[in-house]
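Please read this short report with the structure open beside it.

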Amino acid sequence: MDRRRFLRTLLSGATVAALGPALLRGGEALAGDPAEFAAGLRERPYLAGWRQVAAEAFGPTTVQLEGRLPADFAGTLYRNGPAWFERDGFRYEHWFDGDGMVHGWQFGNGAVTHRGRMVQTPKFQREQRAGRFNTPAAGTTIAEPVAIRNNDDANTANTSVVTIGGRLFALYEGGSAFELDPDELATLGPTTWRPDLQALPFSAHPLRDRDGSWWNFGALSLMGGGGLLLWHIGADARLIDAHVHTLDAPGYLHAFAQTDRYLVFLMTPFDRTAGGSFFESMAFAPQRPCTALVIDKTAPDRVMRRFEVDFAAIYHFGDAFERGSELIVRAAHHDDVEHARSPHRAAMFGHAGAASPAQLAELRLDLRAGRARWHMLGVPGMELPLFDARTAGDRGARLYMPATVGEASAPYFNAVQMIDAAADLRAVHRYGRDILVEEHVFVPRPGSTRPDDGWLVGTLLDPTRDRSGIAVLDAQRIGDGPLATAWLPYAFPLGFHGHFAQAAA
């Protein structure tokens, strides 16, 4: 049997398994009430972060910048996140279920132009026609769901966004990347990297290697299957190769990390109960250790090392580097497993809830001794760590992340911070008590090779004035506040992740 036929046979079984237990299950719907959410929103304006958008599209809307951009700052910040939560008196109960809306913030000539478009997935279009949710969801039970053929029939394209080879993709954990027009944000359709890999998971956090190629994974175990699909995509957005790694037990993973030589995957153990959607029937298993897999980039068809390490619920990783025989991976470490299973669940129902952000931690994997351990860095109240990928691979990078500083009117971030753990440095800009602060993406200064020489660009929600905004800061002078800020005359819900595409020189 040739290699591709073997891969296709293996994947077809995994795909059927993935579709069966979770995606094809119906049942009695138990979800939020739009009227209850609306009542909560009147009492707690910050819930605008979880309010459904009023339309399928925004803009193009051009607004002037307050302040001044550097002359060499130009390009587009793309953002993605769930935005459609309600239909026919039914509201999703899990934040991850909302259909995706992609935003483009294009900078130029002292202004910024915003566009927002719902990703026109088969699921979104089918439910628009039906006037109700009729597709199995990741975290909410849907009554009488329609039959679906594959993962992409349930794909919400709601988690992240990336440009590869000049092409723009909206990403989701459980299905294909959906290609969009990079200017108008019109949906072009799902991407098939190779015919035998059609509709298989291409997860939401691909990582760019120093040679310009991209690594990603698909968690076949995420929805009941068994295996990890490893993707390698060229800088020209063409598939280099794909490999499947079998797993001894199911493990949840949302993202992964890389050093110059290795890929690191952390599998968080969980158990399943009968009935309900994936997240409803999922229970993290803190009594069992996590499994860390290390794959050598020069031999991506096999796992080089496996480690066991104390349990942690991890969604997002920062940087990773090699120090002697150790691989050091920085991550947002969650202790509250219920909040990790359904983040901001109270907000989805229109209720007041407590913040439960993560702590910054290092996962230390000793390749020589075969030992793994966690080291806490003493940085609480954080998530969504990003960094300058130009940082040398033998040292830790400065991390940039949202944070909660001082009084906050919402159980969400109100500041952005820089953490340099090696130098014991921290810099913070607090936007204010009532501002909800999202992920801030690092943008390198054109022509510079010096790490951290560049800017941060991040999005904001001001619920008291019902407006969404964007800010640009000097990455080396965060405490000075934004160089430039812009506010739109409308608001939309909080998103998840973004990607900055710099304008061609």
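Phenylalanine 73 has a relative accessibility of 4% in this predicted model, and because buried means under 20%, the residue counts as buried. Phenylalanine 107, at 5% relative accessibility, is buried too.

The structure contains 31 aromatic pairs. One of them joins phenylalanine 73 and phenylalanine 107: the ring centres are 5.1 Å apart and the planes stand at 85°, so this pair is edge-to-face. Phenylalanine 73 belongs to the loop between β2 (66–67) and β3 (75–84), while phenylalanine 107 is part of strand β6 (residues 99–108), so the contact ties together parts that lie 34 residues apart in sequence.

Another edge-to-face pair is made by phenylalanine 96 and phenylalanine 279, with 5.6 Å from centre to centre and 75° between the planes. This pair links distant parts of the chain, 183 residues apart: phenylalanine 96 is in the loop between β5 (90–91) and β6, and phenylalanine 279 is in the loop between β18 and β19 (282–284). Phenylalanine 96 is buried, with a relative accessible area of 16%, and phenylalanine 279 is buried with a value of 4%.

Is strand β8 (residues 160–164) buried or exposed? Five of its five residues are buried, so β8 is largely enclosed by the rest of the structure. The cover applies to both faces of β8: Ser160, Val162 and Ile164 are buried on one side, and Val161 and Thr163 are buried on the other. β8 pairs with strand β9 (residues 167–171) in the antiparallel sense, over five bridges. Within this pairing, valine 162 stands opposite phenylalanine 169 of β9. Two residues lie between the strands of the β8 and β9 hairpin, where glycine 165 has a positive phi near 60°.

Most residues other than glycine have a negative phi, and most peptide bonds are trans. Leucine 185 has a positive phi of about 65°. Leucine 185 sits in the loop between β10 (178–180) and β11 (187–190) and is buried, at 2% relative accessible area. Leucine 384 has a positive phi as well, of about 55°. The loop that holds leucine 384 runs between β25 (371–382) and β26 (386–387), and at 10% relative accessibility this leucine counts as buried.

Which peptide bond is cis? The bond from glycine 59 to proline 60 is cis, with omega near 10°. Proline 60 lies in strand β1 (residues 57–64).

Note on methods. Residues are numbered from 1 along each chain as its sequence is written. This is a predicted model: local features need pLDDT of at least 70, side-chain atom pairs count only at pLDDT 80 or more; totals for chains, interfaces and linings use all residues. Side-chain values use heavy atoms; hydrogens and water are left out. Helices (H or I, at least four residues) and strands (E, at least two) are DSSP runs, numbered from the N terminus. Buried means under 20% relative accessible area, exposed over 50%, partly exposed in between (1.4 Å probe, protein chains only). Two strands pair if DSSP finds at least two bridges between them. Rings of Phe, Tyr and Trp (its six-membered ring) pair if their centres lie within 6.5 Å; planes under 30 degrees apart count as stacked, over 60 as edge-to-face and the rest as tilted.
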